[in-house]
Amino acid sequence: MDNSYMPITELCNPFLIRTCALIGGEWCESDSKKYFPVINPATGELLTNVADAGVEEARRAIVAAAQAQSNWMQKPVQERSRLLHAWHALVLKHSDDLALILTLEQGKPLTEARAEIAYGASYIEWFAEEAKRIYGDIIAPQHPDQRIMVIKQPVGVVAAITPWNFPNAMLARKLAPALAAGCAVVAKPAAETPLSALALAWLAEEAGIPAGVINIVPSTDASAIGIEFSSNKLVRKLSFTGSTRVGKILIQQCAEDVKRITLELGGNAPFIVFEDADLDAAVAGAMASKFRNAGQTCVCANRFYIHRNIQSVFCAKLIQAMQSLTIGNGVASETKIGPLISRSAVKKVQSLVDDALKKGARITYQADLDKTLLAIGSYYPPTVLNNIADDSLLLTQEIFGPVVAILPFDSDEEVAKLANDTDYGLAAYCFTRDSKRIKKMSEILATGMLGINTGTISNAMAPFGGVKHSGWGREGSHYGIADYLEIKYICEQI
Ligand code: SIN
């Protein structure tokens, strides 16, 4: 297939652009000879076409993974660790190219894309080390002539479905612990952003990770691939990052075969600024949390609860900081906010804002958008809304765009109740100097992750994940590998 649309001349290593599925170590065209376009959301231009894999290819990839699995799990952990380290080194070596590919297909500014590549690589490095720390137990027996042992074994073939908002890091966060535990993987990246996943897999191959241990099936038929992943008996675990709606479907589909499942789903993060907070730190935290990836992260602040007595000062400082957000194509060095992933994403954000305005909200700030940008890409201007009615959709749905919804509160009890009044429970943020309040909020906020006086919480050492409708299981940290291991208890009569 013709690759010439991609600015491959700007890449140091053009081999990083892969447009085929990876199945059992072979780069395969799709059986149907169908392709799908990968579009640059900053310009609307076609980047390249990618082979559109179907159920047959997914099935072959699962068989290839199952075949690779038995050798991979028997490799000494030092060897698995060494290969993961080699992969990590190659990702770092090619990080400029990987960042450019990421910006072109996803839209985020290059500085953020570079940060994502480093973030993704940090999971590979972390789990290269965790591979060596898969411990079992010897437990004191009930009878003196017995020995009770507990060993940990890989769950088996893992299917992974990854999103378009962090196409490198979310895949790395699943592949690295799976491989470290001794599992082979078949992954379906989001159809909007397959190139980052394919490049990452190619580097794994270059690092010496054996054929079939990582298989990638790019596809536009997410639902058919999801059904195959959850019903194929060779797959023993599914790991999904994406919407709560799809997560619920996957839970049902996986029930029949009682598959292990890890779900990192949507969020509706409250961002609480108490009266005693350091307001400059709160504004810096708000900027980091809200505008990373143009507001398209699951951990983005969604509802800004600001104590009534400081609301006007906070808003003035926030709006001042927002004025420095240059909007544009992510490849331009001055760009701080890139486009949203697609025009339909822009429409969805606009519909949430329209709903709030209809119910009485006021726009207190909206950045100007260059008309030429609007004509070519899927941009949305950073916006602040006040006076938001309680029944506004902005408060119950993930905004996934650069819109700040400001809400006043008067007391700790009130704000804790409001913050918890959601089905979601992924991330929350609090800004306060009061240590008693920190302790109280740490206990009562129903969330998987809590940032205190910071808007930046994600890193490989920490357990990433949510409660309630935000998901099951944790990724990253030493908890992250546990999801890929079975516990086997052995009772020996001696
Ligand atoms: C996400 O938005 O799903 C992930 C964000 C992160 O890892 O920080």
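Biologist: In the hairpin of β3 and β4, which residue takes a positive phi?
Modeller: The hairpin has six residues between its strands. Strands are DSSP runs of E with at least two residues, helices are runs of H or I with at least four, and both are numbered from the N terminus. The residue with the positive phi, near 75 degrees, is Gly44.

Biologist: At what pLDDT do side-chain atom pairs count in this predicted model?
Modeller: Residues are numbered from 1 along each chain as its sequence is written, and side-chain values use heavy atoms, with hydrogens and water left out. The model is predicted: totals for chains, interfaces and linings use all residues, local features need pLDDT of at least 70, and side-chain atom pairs count only at pLDDT 80 or more.

Biologist: Which residue of β4 stands opposite Phe36?
Modeller: Buried means under 20% relative accessible area, exposed over 50%, and partly exposed in between (1.4 Å probe, protein chains only). β3 pairs with β4 (residues 46-51) in the antiparallel sense over five bridges, where pairing takes at least two DSSP bridges. Opposite Phe36 stands Val50.

Biologist: Which are the edge strands of the seven-stranded open sheet?
Modeller: The sheet runs β14-β15-β16-β13-β12-β17-β18, with mixed pairing. Each edge strand pairs on one side only; they are β14 (362-366) and β18 (449-452).

Biologist: By how many degrees are neighbouring strands of this sheet turned, on average?
Modeller: Axes are lines fitted to C-alpha atoms, for helices over the stretch in contact; angles run from 0 to 180 degrees between N-to-C directions. For this average, direction is ignored. The value is 20 degrees.

Biologist: What angle does helix α9 make with β12?
Modeller: Helix α9 (residues 279-291) packs on the sheet and touches β12, β13, β16 and β17. Contact means heavy atoms within 4.5 Å. The angle between the directions of α9 and β12 is about 165 degrees.

Biologist: Which residue of β16 is the bridge partner of Val384?
Modeller: β15 (residues 383-386) and β16 (residues 403-409) pair in the parallel sense. The partner of Val384 is Val404.

Biologist: How many residues of α6 are buried?
Modeller: α6 (residues 194-206) reaches 19 Å from first C-alpha to last, close to the expected 18 Å. That expected span is 1.5 Å times one less than the number of residues. The buried set includes Pro194, Trp202 and Ala204. α6 is largely enclosed by the rest of the structure, because the buried count among its 13 residues is eleven.

Biologist: Which helix gives the most to the lining of the largest pocket?
Modeller: A pocket is found on a 1 Å grid over the protein atoms alone, as an open set of points with protein on both sides within 12 Å along at least five of seven lines; a cavity is a set where a 1.4 Å probe fits but cannot get out, and lining residues have an atom within 4 Å of a point. The largest pocket has a volume of about 1000 Å³; of its 38 lining residues, the closest to the centre are Trp164, Gly242, Ser243, Arg245 and Val246. α7, β10, α8 and α11 each supply at least two lining residues. With six residues, the top contributor is α8.

Biologist: What is the volume of the largest cavity?
Modeller: The structure holds three cavities of 30 Å³ or more. Points are joined across faces, edges and corners, and a volume is the space filled by probe spheres set on them. Residues lining the largest cavity include Tyr119, Arg173 and Glu264. Its volume is about 80 Å³.

Biologist: Which residue of β11 is the bridge partner of Ser239?
Modeller: β10 and β11 pair in the parallel sense over five bridges. β11 (residues 260-264) is mostly covered, with four of its five residues buried. Ser239 has as its partner Thr262.

Biologist: What is the relative accessible area of Lys33?
Modeller: Most residues other than glycine have a negative phi. Lys33 has a positive one, near 60 degrees, and lies in the loop between β2 and β3. Lys33 counts as exposed because its relative accessible area is 56%.

Biologist: What is the relative accessibility of Lys468?
Modeller: Lys468 also has a positive phi, about 55 degrees. Its place is the loop between β18 and β19. Lys468 counts as partly exposed, at 38%.
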